Amino acid sequence: MRFTSLLSASALALASVTAAQAQDSSDPIVIPTHNWSSQIVMSHVVGQIFESMGNSVEYVSTDSQAVYESVRLGDVTLELEVWEGAFGPAFEAAMEKGGLHDVGDHDAVTREDWWYPMWTKESCPGLPSWEALNECAALFATPETGDKGRFLGGPVDWLKHDQERVDALGMDFVVVNAGSASALWAEVGSAERDKRPVVIFNWTPNFVEALYPGEFVEFPEYVDGCKDDPAVGPNPEMTYDCGNPANGYLKKAAWDGMEEKWPSAYATLKNISFTNPQIAEMAKLVDIDELEPEDAAAEWLEQNEAVWKPWIDGGA
Amino acid sequence: MTTVATDAPVSVPGQSRLRMAQVLFGAAVCLALAKGMLPDALIRLPDSWVVPFADWFNAMFNFMRDDLGLIHVTRAFADGLDWFLDVTANLLYGKNRWPRIGPIPWSVIAATAAIVGYALNGWRLAAMSGLTFVWIAVMGQWQWAMETLSVILIAAPVSVLLGLVMGTLAWRSARFRAVLNPLLNVAQSLPHFAYMIPVVVFVGVGPKAGAIVTIIFSVPPMIRMTLLGLQKVPTEVIEAGQMAAATPWQLLRHVRLPTARTDILVGVNQVIMQCLAMVVLASFIGMPGLGQKLLQLLQALKIGRSFEIGITIVLLAVMLDRCSKAWAMKQPVHMEKGTPWAVRHRLFLIWVFATVVLWVLSLIFPILHEIGRREALSLAGPLDVAMDWIIATLDPVTQWLRWFLIVWVLIPLRDGMLWLPVSAVLVFLMSVGWAVGGRRSALICLAYFGLIALSGWWDRAMITVYTVTFSVFIATLIGFPAGIWGSRSARRAKTVLLVCDTLQTFPSFIYLIPVIMLFGVNDVAVVGAVVLFAAVPLIRYTIEGLRGVPDAQIEAADMSGATRKQTLWSVRLPLALPTIMVGVNQSVMFSLFMVIIAAFIGTQDLGQEMQRALSSSDVGKGMVLGLAVAFMGLMVDHLVTVWATRRRKALGMG
């Protein structure tokens, strides 16, 4: 139960609270949860760490893009997963308006790019190179794309510039945008039945890796300037002639008022840093082992005390 | 058989109306055919004509928020609401707030529901209410269901109260009514997402935002039903009240409102249904509970488990629907004078007794207090297997259907819609308007779509129009025969209507995933999802229309020797047509709502932009897009209402 883990940590928590210069406010720290499992478990892990320090915590489910507006206004205290690719623009836009700031990166790196489930390789053995993918384009054709292959991209508001890349590299693909992440998984799930080749937008760390093993397509390596300067990259006339960075950041963000209101929680937040395997483990507890997020978080905390205890000590 | 007497005599204004409509239609065809020679401004409005409505909205909202300080008012109101939400949250699922006595054991709540059901309508309702809660507990959904109910328990009463007050005000003041009516029309046709953006800005996220969106969405039918009920109170009743020397307030409180009781309670029923319809959508802005869990499970492709939640939402809806309807029907019970207190409050005493006993028992047997996820049952396994089987069986058909529809129907249709010049579409709509209701309707049609053109979202709006038109067309092909089939006997009608109710309350998001698995991410999937929703009102109103045809008319047809087919085509259908058209109207409304939600499959229409506006909290853009969708609905609504009223008059039905 959550209660026991709370008790077990409370002695230690007491020490850290008294050691802090200022007491944390008794108002609840509001942690947003979104609609993918690793983020929910991570939120509960951090929430339970805060609770073990004597803070009160509340969770609220929000849209993963709109959340930055709420952090900015202080309705939500922090955000634990700011993905460079997916939420970088929303985060930076909110930062410009003021009200929230960057609290440092996780160790985890993120990668977002074209991806295919393993069975695709059987019909197109040259993968993962993008040239090989392009030669197999006809395998990916659908009624709506005619002779060309279909690449199923994420929702348009993720701003992935896939179409620009297809143009710049002269690929025989048409980009079709799915409306939600669920739509992407549903398409992979339906392709699995007859092992139909598909290429979709995907990212890591992600629970899908556990359900459907697969690989990223290797595009010309990302170099600085490839997205703005036509001269950079294989096509001298166009931008976006490269893959996405293979090591994007995963940041934490906090409301500007947090440091003052909950100083020790804030100090701990600064120390918090998860790695890719840890995040994958959290997702697995929910998606494969079917635990509830709260229980998954408690379980993770129990198994990884060595990882998270130093974050509190370091913060006090 | 000779022509039935139901054909309206063609009047002279009717003839000139049709002439004008033909002229306009001809003009529209000419404009389309001569596209190559038209000046650019008639094909697509030049950018300089596009009115920056979104900026105006944003300026207005910013002014209201910052300069007028409305944000403090809305936030204060929301905080007040939050206090009530905390109370129910504590009682139902033990959130750590005042009064800190919760969570109430599930067995106590199930027993309470059963006793309430019994009090309202006897054993059957008691069994249904009680078993609904037993199902929730046994399926391990207690926590989420209580989170949902903790919001609905506050939102629904607030909505009812607000609706009563506004409805009464509207009844008192014609001026207020004149302002309110168009607002309600727009509010009821605005897609849900359009409301949510301002709520995020003015209130924030969380249960309180969920409650407020739910209130905003559910209050219009309550206002309308209150107004309707008060207007219907017979003058004799009022006079009786006046003779008893009642003050105006007493008259309202003790005479008018009780007499309007049945209509008002229908409004209450509507409020409850709307609240449940919002369960999933409101979780986009922080409403906890079933909706939020449902989205998470769908995201992880756990269809079986999200289905279980869907069943729970349907059960809750059916239970609350039956209870509130029973309450509406129930007449107050009058006991003999001198009946002992214990007899008069027998059920109350039983409830107190059951509560105490179960609460004590739940302290001894924790399973009566809370059923954890680990002990809970699950139907997910068989459901998933069934779903896989259905998809695998249908697959060969759907693959062909997908190819056929996309290549031969949908792509040409969409390209055709996008090819049409703006001017041709506008003139065509005017011709339709003129044919139905003369100059006034023509101008109304022009105004609605003219505004959409001026908003600069024309192409996207056309894609929405194309999806909705095609979906409603397919829905008619399904719904119409199904409705005729269902209307043959009272038993069939009841079964079909039950299926309709279930389809309608089942959370629409669950359909999206199987539809993608069947058709892939494309317009066929979108149309498929929309049709599922659009067919429901068509079936319902076809059944109601056909069954509502007076027996005398059918007997008359029988006596003149008409076959069953002739009776159907020449008597029953023409007489039922006005009601059926109301179904078409509803079908368009449902499609417009669903097509916006189908943006989660992947579309290029207004819904996709709406999703973007929500994620960037762009109030102005969201409002403009929402209004564009609302205008489409309002135009269809206007045309159908005008047509049906005239038709009813011609048929001598009122």
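**Figure 1. Contacts and overall form of chain B in the predicted model.** Among the contacts in chain B with a separation of 6 or more, 78% join residues 24 or more positions apart, where two residues are in contact if their C-beta atoms, placed from the backbone, lie within 7 Å. This is a predicted model, in which local features need pLDDT of at least 70 and side-chain atom pairs count only at pLDDT 80 or more, while totals for chains, interfaces and linings use all residues. Residues are numbered from 1 along each chain as its sequence is written, and chains are lettered from A and ligands numbered from 1 in the order in which they are written. Chain B has 26 helices and zero strands, these being DSSP runs (helices H or I, at least four residues; strands E, at least two) numbered from the N terminus. The radius of gyration of chain B is 27 Å, close to the 26 Å given by the globule rule for 654 residues, so chain B is as compact as a globular protein of that length; the radius is taken over C-alpha atoms, and the rule is 2.2 Å times the number of residues to the power 0.38. Along the principal axes, the C-alpha atoms of chain B fill a box of roughly 85 × 60 × 60 Å.

**Figure 2. The two domains of chain B.** The domain assignment, which is automatic or from a database, gives domain 1 (60–104 + 139–330) and domain 2 (390–419 + 458–650) in chain B. The C-alpha centres of these domains of chain B lie 27 Å apart, and 25 residues of domain 1 are in contact with 26 residues of domain 2. On the side of domain 1 of chain B that touches domain 2, at least two residues come from each of α7 (174–189), α8 (192–202), α12 (261–281), α13 (290–299) and α14 (303–329). That side of domain 1 of chain B has 21 nonpolar, four polar and no charged residues, counting Ala, Val, Leu, Ile, Met, Phe, Trp, Tyr, Cys and Pro as nonpolar, Asp, Glu, Lys and Arg as charged, and the others, Gly among them, as polar.

**Figure 3. The contact between chain A and chain B.** Chain A gives 39 residues to the contact and chain B gives 40. On the side of chain A that touches chain B, α2 (37–52), β2 (57–61), α3 (67–73), β7 (173–177) and α8 (181–193) each supply at least two residues, and the largest share, nine residues, comes from α8(A). By class, this side of chain A has 17 nonpolar, 13 polar and nine charged residues.

**Figure 4. The largest nonpolar core and Ile516(B).** Within this core of 276 residues, Val41(A), Val213(B), Ile516(B) and Ala529(B) touch the most other members; a nonpolar core is a set of buried Ala, Val, Leu, Ile, Met, Phe, Trp, Tyr and Cys residues joined through C-beta atoms within 7 Å, and a residue is buried if 20 or more other C-beta atoms lie within 10 Å of its own, exposed if 12 or fewer, and partly exposed in between. Helix α22 (residues 523–547) of chain B gives the most to this core, with 17 residues. Apart from neighbours within four places in sequence, the contacts of Ile516(B) include Ala183(A), Ala186(A), Glu187(A) and Ser190(A) from chain A, and Val521(B), Ala525(B) and Ile601(B) from chain B.
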